[in-house]
Amino acid sequence: MGLISENYNKKLLSKIATNDGHGENSAYFDGWKAYENDPFHPTQNPHGVIQMGLAENQLCFDLIQEWIVNNPKASICTYEGVQDFQDIAIFQDYHGLPEFRKAVARFMEKVRGDRVTFDPERIVMSGGATGAHESLAFCLADPGDAFLVPTPYYPGFDRDLRWRTGVQLFPVVCESYNNFKVTKEALEEAYKKAQESNIKVKGLLINNPSNPLGTILDKETLKDILRFINDKNIHLVCDEIYAATAFSQPSFISISEVMNDVDGCNNDLVHIVYSLSKDLGFPGFRVGIIYSYNDVVVNIARKMSSFGLVSTQTQRLIASMLSDTIFVENFIAKSAMRLSQRHDLFTKGLGQVGITTLKSNAGLFIWMDLRRFLENSTFDDELKLWHIIINKVKLNVSPGCSFHCSEPGWFRVCFANMDDATMKVALKRIRHFVYLQPSKGVEVATKKQYCRTRSKLEISLSFRRLDDFMNSPHSPMSSPMVQARN
C-alpha cells in the first residue's frame, strides 16, 4: 500500500515535492532523528542520546537574557514597548526597517574588528542563511549550472543551494595531509574536471570559518581565491556565518577585507552570506543576510526576499540590541572567551584518551579523527563505527561522509550546545568507548592510566557497570567490527 501510494503521489505531485533533493536521507539528519527519539536528560532520561550534531551557541544566553530584562522597550510585547505595536505590526516594506539594516551593518563591522565598513543599503534580509543561499543561487545560476565547493562542507548546502534551484555542487577535494587547506591546485583541478564533464561552473562557495573544520582562511588563501574567480569570471559566495566564533589567533579575516588587495578584482562577483544564528545563537529568529557588491543582485535578491522576510517584531528587537555598542563589544569578547574555554576543555578530554582533532580556533565544533578505530579505511566502516557511537555510546556525532569528506574516519562533534554537566557526561561516554575499543597501531590505555585520567576530568565510573556493559549484548565489544579485531 505504501509503494502504491508513493507511486501515485509521484504522478500527482511535482518533481520537487517527490524527489530526495532535501538531503534528509543522510547520516547527518539520521543522527538528529536518533536524538529526537531518545533525547538525553540528566534526570528523566540519563541514558538517552546526547545531541552533539547540532551547531548551536548556547554559552551566552545569560548575557542576552540580562539585556532583554534591562531593555523592555525593545519588545512591542511589553508595557514599555506596546505603544509602537501598531506601527511595527503593519510595516510591510521588504527592504526592512532602516534601523535594522543599519544595526546589522554595524554589527558585521564590529565582528570584523572595525577593519571594514558595510553599507546598510546593501543589506538584504532573508529567512536565515538557508534562504540567503537559495536566493543567491537563484540570482547567480540556472538549473544544471554548478558551484565549486571545497570539501568537507556543511551537508545543508545540498539542500540550500540544490533542492529547489536545480543547481549542482561540484567538490573541490581537500585532504588531511595539509589540514584540508583550499589550494590553487585543488581549485584548478576541480574546475578542469567540471569542464571535462560539460558542467558550467557559475561560482565558488566558501565557508569561512569552516563548518565542519573550525578553521579560518588566511589572507593569502583569500587572495588566491579572488584571483581564481576573477580569472574564471565566476561568482564567489562567502558564507561567513561563524565570523564571531573565532576565539583565538589567528583572527578571522573577511573576504571584504582583502578585495582591495587584489589588482583588477571585479567586486560585482563577490557576495557574502551572514546570519545571527551562530554568532548570537539565534537560529529560531531566522535572521539571514545577503550582502552583495553587485547592484543588480542586491535589487533582485531584495525582491526575492518577499518569500522569506524577517518579522518586523524581530527586526525591532535585533535593531535595538545591536545598536547597544557596550553590549555588543562585551558579548563578542565573552562569547569568544567561553568558546575558547569549552573548546580547550573538550579537546583536552579527548586527548587524554588518545583522540586527536584538527587544530582549530573557530566555530562551535571540532573535527575529530577516529581513523584508527576503523577496521578498514572505507566509508562503510565509518558508518559502522558511527552506528556504534550513536546507538551504543549514545552520542549524536556526525560522520565525515555526510560532509562529503574525501577520507573516511573523521567526525564533527559540536561542543557549544550543552551545559558543562552534559559535556562531562559526553566525555565520560567517549572515555568508556575508547577503553573498550582496541585500535589499530595504537597502544590501548591500561586501567591504571584510564583511572588516573578519569580523576583529572572529575568523572566517576563504576567498574561494576563497566563489567556489566562489557558483557552486555549492547556493548560495542559485541559488534562484528570489534570482534574481527579480537
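Trainee: Why does His404 count as partly exposed?

Mentor: Its relative accessible area is 33%. Buried means under 20%, exposed over 50%, and partly exposed in between, using a 1.4 Å probe and protein chains only. A value of 33% therefore puts His404 in the middle class. A caution first: this is a predicted model, where local features need pLDDT of at least 70, side-chain atom pairs count only at pLDDT 80 or more, and totals for chains, interfaces and linings use all residues. Residues are numbered from 1 along each chain as its sequence is written, and side-chain values use heavy atoms, with hydrogens and water left out.

Trainee: Where is His404, and what is its phi?

Mentor: His404 sits in the loop between β12 (398-399) and β13 (410-414). Phi of His404 is near 60 degrees, a positive value in a residue other than glycine.

Trainee: What about Phe180, buried or exposed, and why?

Mentor: Buried, because its relative accessibility is 4%. Phe180 also has phi near 60 degrees, positive although the residue is not glycine. Its place is the loop between β4 (168-172) and α9.

Trainee: Why is Ile199 called buried?

Mentor: Its relative accessibility is 16%, so the buried class applies. Ile199 belongs to the loop between α9 (184-196) and β5 (201-207). Leaving aside residues up to four places away in sequence, Ile199 touches Gly144, Ala146, Gln168, Phe170 and Ala194. Contact here means heavy atoms within 4.5 Å.

Trainee: How far is Ile199 from Asp145 in sequence and in space?

Mentor: They are 54 residues apart in sequence and 6.5 Å apart in space, C-alpha to C-alpha.

Trainee: What makes β8 mostly covered?

Mentor: Six of its six residues, 287-292, are buried. Both faces are covered. Val287, Ile289 and Tyr291 are buried on one side, and Gly288, Ile290 and Ser292 on the other.

Trainee: How do you know which strands pair with β8?

Mentor: Count bridges: two strands pair if DSSP finds at least two between them. β2 (residues 123-127) has five bridges to β8 and is antiparallel to it. There, Ile123 stands opposite Tyr291. β7 (residues 270-275) also joins β8 through five bridges, again antiparallel. Val273 has Ile290 of β8 as its bridge partner.

Trainee: What makes α4 and α13 roughly antiparallel?

Mentor: Look at the angle. α4 (residues 61-70) packs on α13 (residues 325-351) at about 160 degrees, with the axes 10 Å apart. The pair is therefore roughly antiparallel. The cut-offs are under 35 degrees for roughly parallel, over 145 for roughly antiparallel, 65 to 115 for roughly perpendicular, and oblique for the rest. Axes are lines fitted to C-alpha atoms, for helices over the stretch in contact, and angles run from 0 to 180 degrees between N-to-C directions.

Trainee: What is the hand of the crossing of α4 and α13, and which residues make the contact?

Mentor: The crossing is right-handed. α4 contributes Asp62, Leu63, Ile64 and Trp67, and α13 contributes Phe327, Asn330, Phe331, Lys334 and Arg338. By class, that contact holds five nonpolar, one polar and three charged residues. Nonpolar covers Ala, Val, Leu, Ile, Met, Phe, Trp, Tyr, Cys and Pro; charged covers Asp, Glu, Lys and Arg; the others, Gly among them, are polar.

Trainee: And why are α4 and α12 called roughly perpendicular?

Mentor: α12 (residues 312-322) meets α4 at about 100 degrees, with axes 11 Å apart. That angle falls within 65 to 115, so the two helices are roughly perpendicular. Ile64, Trp67 and Ile68 of α4 meet Leu317, Ser320 and Met321 of α12. This contact has five nonpolar residues, one polar and no charged.

Trainee: What makes α12 mostly covered?

Mentor: Nine of its eleven residues are buried. Among them are Thr312, Arg316, Leu317 and Met321. The buried residues pack against α4, α5 (85-89), α6 (98-111), β2, β8 and α13.

Trainee: How do you know the bond from Asn208 to Pro209 is cis or trans?

Mentor: Omega is near 0 degrees, and the bond is cis. Pro209 lies in the loop between β5 and α10 (219-232). The bond from Gln249 to Pro250 is cis too, with omega near 0 degrees. Pro250 lies in the loop between β6 (235-239) and β7.

Conventions:
Helix = DSSP H or I, 4+ residues; strand = E, 2+ residues; numbered from the N terminus. Left-handed = near helix turned anticlockwise from the far one by under 90°.
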